[in-house]
Amino acid sequence: MDNTAYIGLSRQTALWRQLDMVSNNIANANTPAFKNQQPMFVEYLVKTQNNERPFDDKLSFVQDLGTFRDTRDGPMTSTGNPLDLALNGPGYLVVDTDAGPMYTRGGHLRLNEAGQMVTADGQPILSSNDQPFFFAPNETQISVARDGTVTTENGQIGKLRVVRFEDEQQLRQVSGGLYMTEQRPEEVARPDVLQGMLEESNVKPVVEMTRMIQLQRSYESSSRLVEQESDRRRKVIDALSRVA
């Protein structure tokens, strides 16, 4: 296989990964607090050996570097549910899991059978003293202030722990809208918690659909290039074999 085919295949691989990520964005367009993701690519140059020229030529390939996450806030939607919480601005809620503390912006919470405030998947939300929130059976008026203070008709229960990170791009997404990282969390001094609200995904479906169409066309164009080069080589080999 010659260089033209290798370059075309590197482009196809990059387009396939990008198409897969766009598909994932569209699939999560209605997932609360989901962040738009895009792959990162750079040009990768490879020197070639050419005895007929004083300088080496360079071949340009596509190199996949990783993923970029758009951390901008999504739109806020009012739900009227007192256990729906949205973080306006930077910050993540701290979630207690079997694998250690993880972090989320998905604030669709509920009370489990034990009276704990938990995520939709049943994992406890931690307070500022790293303890779960417990509510008595007769406590029905749950209020969350803008600074994260949680109270009921019987008084203050605790305060939500809201943290941030120096580099949000290092957060690794796991299932259930959770993130994990090796970074040390920093406390958000003045969190802005909105009760009865949910942060929507910041994915723009129309933009992603347009991007998907462009990617499909680019992939088809790259495929034609590889096929045409293969046909050209086949014709050259046939011509040389007849001459021989």
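Predicted model: local features only at pLDDT ≥ 70, side-chain atom pairs only at ≥ 80, totals over all residues.

**Entry 1: the whole chain**

How many helices and strands are there in the chain? I count two helices and 17 strands.

I looked up burial next. The chain has 244 residues, and 39% of them count as buried. Its exposed surface comes to about 14,700 Å², with carbon and sulfur atoms supplying 49% of that.

I also checked contacts between residues at least 6 apart in sequence. Of these, 60% join residues at least 24 apart.

**Entry 2: the S9-S10-S11 sheet**

In which order do the strands of this open sheet come? The order is S9-S10-S11, three strands with antiparallel pairing. The edges are S9 (143–144) and S11 (155–159), each of which pairs on one side only. A reminder for myself: strands of a sheet pair through backbone hydrogen bonds, parallel or antiparallel.

I took the S9 side first. S9 and S10 are antiparallel and share two bridges. Val144 has Val150 in S10 as its bridge partner. The two strands make a hairpin with four residues between them. In that turn I found Gly148 with a positive phi of about 95°.

Then I went to the other side. S10 covers residues 149–152, and four bridges join it to S11, again antiparallel. I noted two pairs here: Thr151 has Gln156 in S11 as its bridge partner, and Thr152 stands opposite Gly155 in S11. The link from S10 to S11 is a hairpin through two residues.

Is S5 mostly covered or mostly open? S5 (residues 92–97) is mostly covered, with five of its six residues buried.

I looked up what S5 pairs with. S6 (residues 100–104) runs antiparallel to S5 over five bridges, and the bridge partner of Val95 in S6 is Met102. A hairpin through two residues joins S5 to S6.

S5 also pairs with S12 (residues 162–164), through two bridges and in the antiparallel sense. There, Leu93 stands opposite Val162 in S12.

Most residues other than glycine have a negative phi. I went looking for residues that go against this.

Ala33 has a phi near 65°, which is positive in a residue other than glycine. I found Ala33 in the loop between helix H1 (3–27) and strand S1 (37–47).

Asp130 has a phi near 60°, also a positive value in a residue other than glycine. Asp130 sits in the loop between strand S8 (117–118) and S9.

Buried or exposed, where does Ala33 fall? Ala33 counts as buried because its relative accessibility is 6%, and the cut-off for buried is under 20%. Asp130 has 39% relative accessibility, so Asp130 counts as partly exposed.

**Entry 3: Gln37**

I stopped at Gln37 in strand S1. Why does Gln37 count as buried? Gln37 counts as buried because its relative accessibility is 10%, and buried means under 20%.

Which residues is Gln37 in contact with, leaving aside its neighbours within four places in sequence? I listed Met21, Asn24, Asn25, Thr67, Phe68, Arg69 and Gln173.

**Entry 4: the largest pocket**

How much space lies in the largest pocket? I get about 320 Å³. Its lining is made up of 19 residues, and those nearest the centre are Pro32, Thr104, Gly106, Gly176 and Gly177. By class, the lining has six nonpolar, 11 polar and two charged residues.

I followed up on Gly177. Gly177 lies in the loop between strand S13 (172–173) and strand S14 (179–180). At 31% relative accessibility, Gly177 counts as partly exposed.

How far apart are the C-alpha atoms of Gly177 and Pro32? They are separated by 8.3 Å, with the two residues 145 apart along the chain. Leaving aside neighbours within four places in sequence, Gly177 is in contact with Tyr103 and Thr104. Thr104 was on my list for the pocket centre too.

Note on methods
Residues numbered from 1 in each chain as written. Heavy atoms only, no water. Pairing = 2+ DSSP bridges. Buried < 20%, exposed > 50% of the residue type's maximum accessible area, 1.4 Å probe, protein only. Contact = heavy atoms within 4.5 Å. Areas by Shrake-Rupley, 256 points an atom, 1.4 Å probe, with all protein chains shown as cover. 1 Å grid on protein atoms, 1.4 Å probe; cavity = no way out; pocket = protein on both sides within 12 Å on 5 of 7 lines; lining within 4 Å. Points joined across faces, edges and corners; volume = space filled by probe spheres on them. Nonpolar A, V, L, I, M, F, W, Y, C, P; charged D, E, K, R; others polar.
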